[in-house]
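Colleague: I have a new structure open and would like to learn how to read it. Could you walk me through it, one feature at a time?

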Amino acid sequence: MIGANLLGPEPTLLEPEVAVSASLAEGVPAEQLVRKYPESPLAWAELAEEADAAGREIEAYAFARVGYHRGLDRLRKSGWRGAGPVPWSHEPNRGVLRALYALRRAAGTIGETSEVERLTEFLDGADPEAIAAIEGM
């Protein structure tokens, strides 16, 4: 593959969150998801998005911050070493990427500019298409 970094880390491909995804498809409220699956970055991202949509900026930030840390935990457990691709195209990665995006958005809302810049770099490094894909959801 011309132009690819052949020495870079392999993409991180997370295991599916089957129960969380099924619960979302059934319409289970985000707060219930977080209570049942507190380790799930996808559940926290959903809760942060709900708070943001309701104009609860500080709660959205706090929920997104938890989702971010839960996402880092999942990435590390899957062998991620702090850098490297986390492709949006792999559906199980989307909960982590959405949690990162939710924190980026919430940080912007409360004026934490350096956090927005850092998370933009993180998302772009994980998958340059992630931000546009999330914004297009």
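Modeller: Happy to. Helices and strands here are DSSP runs, a helix having at least four residues and a strand at least two, and they are numbered from the N terminus. Keep in mind that this is a predicted model. From the N terminus on, the order of elements reads α-α-α-α-α-α-α.

Colleague: How many helices and how many strands is that?

Modeller: The protein has 7 helices and 0 strands.

Colleague: And how do I read its overall shape?

Modeller: Start with the radius of gyration. For this protein that radius is 15 Å, close to the 14 Å that the globule rule gives for 137 residues, so the protein is as compact as a globular protein of that length. The C-alpha trace spans about 45 × 35 × 25 Å along its principal axes.

Colleague: What share of the residues is buried?

Modeller: Buried means under 20% relative accessible area. In this protein, 42% of the 137 residues count as buried.

Colleague: What about contacts along the chain?

Modeller: Take the contacts between residues at least 6 apart in sequence: 61% of them join residues at least 24 apart.

Colleague: Now the rings. How is a pair of aromatic rings described?

Modeller: You use the distance of the centres and the angle of the planes. This structure holds 3 aromatic pairs. One of them is W44 with F63, a tilted pair with 6.1 Å centre to centre and 45 degrees between the planes. W44 sits in helix α3 (residues 41–53) and F63 in helix α4 (residues 57–77), so their pairing ties together parts that are 19 residues apart in sequence. Both W44 and F63 are buried.

Colleague: Which kind of pair do Y68 and F122 form?

Modeller: That one is edge-to-face, with 6.5 Å centre to centre and 80 degrees between the planes. Y68 belongs to helix α4 and F122 to helix α6 (residues 113–126), so this pair ties together parts that are 54 residues apart in sequence. Y68 counts as buried at 8% relative accessibility, and F122 is buried too, at 16%. Y68 and F122 also form one aromatic cluster with W80.

Colleague: Where is E31 found?

Modeller: In helix α2 (residues 30–36). E31 is partly exposed, with a relative accessible area of 44%. From C-alpha to C-alpha, E31 and E46 are 8.6 Å apart in space, and they are 15 residues apart in sequence.

Definitions and conventions. Residues are numbered from 1 along each chain as its sequence is written. This is a predicted model: local features need pLDDT of at least 70, side-chain atom pairs count only at pLDDT 80 or more; totals for chains, interfaces and linings use all residues. Side-chain values use heavy atoms; hydrogens and water are left out. The radius of gyration is taken over C-alpha atoms; the globule rule is 2.2 Å times the number of residues to the power 0.38. Buried means under 20% relative accessible area, exposed over 50%, partly exposed in between (1.4 Å probe, protein chains only). Contact means heavy atoms within 4.5 Å. Rings of Phe, Tyr and Trp (its six-membered ring) pair if their centres lie within 6.5 Å; planes under 30 degrees apart count as stacked, over 60 as edge-to-face and the rest as tilted.
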